[in-house]
Structures are given as C-alpha cells and as structure tokens.
Amino acid sequence: MPGDVGPTVGVLALQGASGLHLEVLTRLGVAAREVRTTAELDAVDALVIPGGESTTMSRLLEVNQLFDPLRERLDSGMPALGTCAGMILLASAILDGRPDQRPLGAIDIDVRRNAFGRQIDSFEADLPVVGLDSPLHAVFIRAPLVERVGDAVEVLATVEDRPVCCRQGPVMVSSFHPELSDDHRLHELFLATVAAVR
Ligand code: GLN
C-alpha cells in the first residue's frame, strides 16, 4: 500500500493452517503474506508459524533450505508467533519428535508433541492471559505439552498449572490455535511486540 509504514508479517505456508492466520492479520489491518522461500522470508518483518504437523513442517524447512536462514533471522531478533506445531518448531528441545527434527531454539522451552490433553485429543477453554483484560477462548488440537520453561520465559497462560502460552522477548508461542476463534487479541498482543521492536 503506498505510504504504508506498518510492518509486513509473514505466515510460514509450507504446511498447515496458514490461511486463517493470514485472514486474521489482514482483518487487523496488517500487510500479511505467505512465506515459502528465503526471498519471501527476507521480505517480512515478523513471522507467524502456524499449527499443522511439526514433523512435516520441519522436513519441508530442510528440503526448501529455509531452516538455517529462518534460525538466523530469529537469532537476530525477528519477532515470531508460533501456534501449536509452530510452538514446537520454535522451542529449544522437541520431545517425541522425529529423530532428525531440529528445534529452532527461539524460546527457552522444552515441548513434548501430542502430550497435552491426550485423552480428549481436542478441547476448548476460556483462558485468562497476562496482558488481556478478559479470558481468551482457546482451541487445543493435539497440543504440545510444555515440560520445561527457562528463567527468561514469561508464562502468559496456563491450563491446570501447565504453561500454554509463553513469551521470551519478541517470540510468543501458544499450544492452542488463536486463529480458530473470533477473538483476535493474541494476534494483537503479538503485533504490539512487533511494533515495539521495529
Ligand atoms: N500434533 C501436531 C505436531 O506435532 C501439532 C498439532 C497442531 O498444530 N494442531 O506437530
């Protein structure tokens, strides 16, 4: 958009639920675009890594030679929001992943795949979130369990004392799918971080 000085936010679109994140970001008035290549990564100020299947996304990051450039951007402070599989990819350690699955190490948490709410596979909850003045409706689908949280990590929300939303500097993660409800305040919280570091 001519004269637009706002950030461009990418959504990793190798696999998974990228479309709804793009819609939410667009509805919030942000320039949002799909990221599948290093050139597309270079053109964004921040990145959303959606839910989906983290083992497949990891493999596609490697196949498309995007893993190392993405890790470099994250190391140099690019804001990122990772939801569900995205949380798994951004973690420091992945438990029950593929043996060759490398973590991006952008937030100091260890996560175990498919370990949260195993009995019910998928569930919904209204969550108090630090920074939001009323509970957020959260949809969990085969969610990862956060098994360790480093000292530098802020826990923004919990379910039964387990962290389900965390932040470390410009990196936010949730084990739920904020794009699946009509409540877009988690994306807004993330965009506030993006604006703050620009
Ligand atoms: N279970 C998936 C994984 O391990 C994550 C599920 C999701 O993103 N909804 O990648």
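Accessible areas come from the Shrake-Rupley method with a 1.4 Å probe. On that basis the chain exposes about 8800 Å². Carbon and sulfur atoms supply 48% of this area. The model is predicted.

The chain holds six helices and 12 strands. Its radius of gyration is 15 Å, close to the 16 Å that the globule rule gives for 198 residues, so the chain is as compact as a globular protein of that length. The C-alpha trace spans about 50 × 40 × 30 Å along its principal axes. Of the 198 residues, 51% count as buried. Among contacts with a separation of 6 or more, 63% come from residues 24 or more positions apart.

The ligand site was examined next. The residues around the ligand are Gly51, Gly52, Glu53, Ser54, Cys84, Ala85, Ile88, Arg113, Asn114, Ile141, Arg142 and His177. By class, this shell divides into four nonpolar, five polar and three charged residues. Helix α5 (85-90) and strand β6 (109-116) each supply at least two residues of the shell. In the side chain of Glu53, an N or O atom is 3.5 Å from an oxygen atom of the ligand. Ile141 contributes through its backbone, where an N or O atom lies 3.0 Å from a nitrogen atom of the ligand. A polar backbone atom of Arg142 is 3.2 Å from a nitrogen atom of the ligand. Taken alone, the ligand exposes 300 Å². The protein buries 96% of that area.

Helix α3 spans residues 54-63. Its buried residues are Ser54, Thr55, Met57, Ser58, Leu60 and Leu61. Ser54 also belongs to the residues around the ligand. The cover over the buried residues of α3 includes β1 (8-12), β3 (46-49), α4 (67-75), α5 and β6. Of these elements, α5 and β6 also supply residues to the ligand shell. Gln65 follows α3 and has a positive phi, near 55°.

Helix α6 covers residues 185-197 and contains His187. His187 is buried, with a relative accessible area of 0%. Leaving aside neighbours within four places in sequence, the contacts of His187 are His21, Val24, Leu25, Leu28, Leu81, Pro178 and Glu179. Ala196 is also found in α6.

His184 is found in the loop between β12 (171-174) and α6. At 13% relative accessibility, this histidine counts as buried, because the cut-off is under 20%. Its side chain makes a polar contact with the side chain of Arg27, at 3.2 Å. Beyond neighbours within four places in sequence, His184 is in contact with Val24, Arg27 and Leu28. Val24 and Leu28 are also among the contacts of His187.

Several loop positions are exposed. Gly29 sits in the loop between α1 (18-27) and β2 (31-35). Its relative accessible area is 65%, so Gly29 counts as exposed, the cut-off being over 50%. Gly29 and Gly6 are 23 residues apart along the chain, and their C-alpha atoms are separated by 9.2 Å.

The loop between β10 (154-159) and β11 (162-168) holds Glu160. Asp161 has its place in the loop between β10 and β11 as well. Neither residue is a glycine, yet both have a positive phi. The value is about 50° for Glu160. For Asp161 it is near 70°. Glu160 counts as exposed at 75% relative accessibility. Asp161 is exposed too, at 71%.

Technical notes: Residues numbered from 1 in each chain as written. Predicted model: local features only at pLDDT ≥ 70, side-chain atom pairs only at ≥ 80, totals over all residues. Heavy atoms only, no water. Near = heavy atom within 4 Å. Polar contact = N/O pair within 3.5 Å; in protein donor to acceptor, adjacent residues only side chain to side chain. Helix = DSSP H or I, 4+ residues; strand = E, 2+ residues; numbered from the N terminus. Nonpolar A, V, L, I, M, F, W, Y, C, P; charged D, E, K, R; others polar. Rg over C-alpha atoms; globule rule 2.2 N^0.38 Å. Buried < 20%, exposed > 50% of the residue type's maximum accessible area, 1.4 Å probe, protein only. Contact = heavy atoms within 4.5 Å.
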